[in-house]
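My plan is to go from the whole chain down to a few local details.

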Amino acid sequence: ETELFSNRSFDPVEHLWIAQMMNTHPRLKVKHHVELYSSLTFHVPALASHYVKVYNDDDVRQALVYAQSNDLEILILGGGSNMLFHNDFEGLVIKMNSKGVDVLSDDGRKLEIVVEAGEDWHEFVLTSLENGWGGLENLALIPGCVGASPMQNIGAYGVEIKDVFSWLEAIEVKSGQLKRFYLKECKLEYRESVF
């Protein structure tokens, strides 16, 4: 394991968010030469030269700092479905492990829920059924994590994520800024999105 930050210096004006991260947040540990087999639904052997689990936005930003300071490509990994490696990955695999399902509002007719990117999609559908939150029933048994659901506008049996989706928040890789994308901005089409 190595510490997240290298000794490479950054221009504090050009990379203000990096300087802030280095001064205000604990350091993540990045593992080296990690076997990805158990994280992939195809279970094909592959190694990640660098690997880190992230649990919140600050962790993601720290991982991005590590990748930038070490000139590494990044790969975001959720549930590992739709991922088939034919070689080892020479870069930083950022494994999304953020968890949480929070009700923002419920007026009896409309419900707004925020779900973290690392939540298992099928488990979230089951949670919605257990709580009587209608709309996701047809999307059960789709593999992957919630964070990947808008990427290709997942769908099944006449229902797509765009039918129940309001917005998402994503961190811009270059700036570390959190940006909200509303439904229209995501341009969700059949197995397609702006992402």
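I took helices as DSSP runs of H or I with at least four residues, and strands as E runs of at least two, numbered from the N terminus. The model is a predicted one.

Entry one: overall counts. I found four helices and eleven strands in the protein. I then checked burial, with buried meaning under 20% relative accessible area. Of the 195 residues, 41% count as buried. I put the accessible surface at about 11600 Å², with 50% of it belonging to carbon and sulfur atoms. I also looked at contacts between residues at least 6 apart in sequence; 51% of these join residues at least 24 apart.

I located helix 2 at residues 57-69. Its 13 residues reach 18 Å from first C-alpha to last, close to the 18 Å expected at 1.5 Å a residue. I noted Asp-59, Arg-61 and Tyr-66 among the buried ones. At the start of helix 2, I saw a side-chain oxygen of Asn-56 within 3.1 Å of the backbone nitrogen of Asp-58. After helix 2 comes Asp-71, with a positive phi near 50°.

I traced strand 6 (residues 101-106) and strand 7 (residues 111-115), which run antiparallel and are joined by five bridges. Ser-105 has Glu-112 in strand 7 as its bridge partner. Four residues lie between the two strands of this hairpin. In the turn, Gly-108 has a positive phi of about 90°.

Terms used. Residues are numbered from 1 along each chain as its sequence is written. This is a predicted model: local features need pLDDT of at least 70, side-chain atom pairs count only at pLDDT 80 or more; totals for chains, interfaces and linings use all residues. Side-chain values use heavy atoms; hydrogens and water are left out. The expected span of a helix is 1.5 Å times one less than its number of residues. Buried means under 20% relative accessible area, exposed over 50%, partly exposed in between (1.4 Å probe, protein chains only). A polar contact is a pair of N or O atoms within 3.5 Å; within protein, one must be able to donate a hydrogen and the other to accept it, and residues adjacent in sequence count only if both atoms are side-chain atoms. Two strands pair if DSSP finds at least two bridges between them. Contact means heavy atoms within 4.5 Å. Accessible areas come from the Shrake-Rupley method with a 1.4 Å probe; for residues, only the protein chains shown count as cover.
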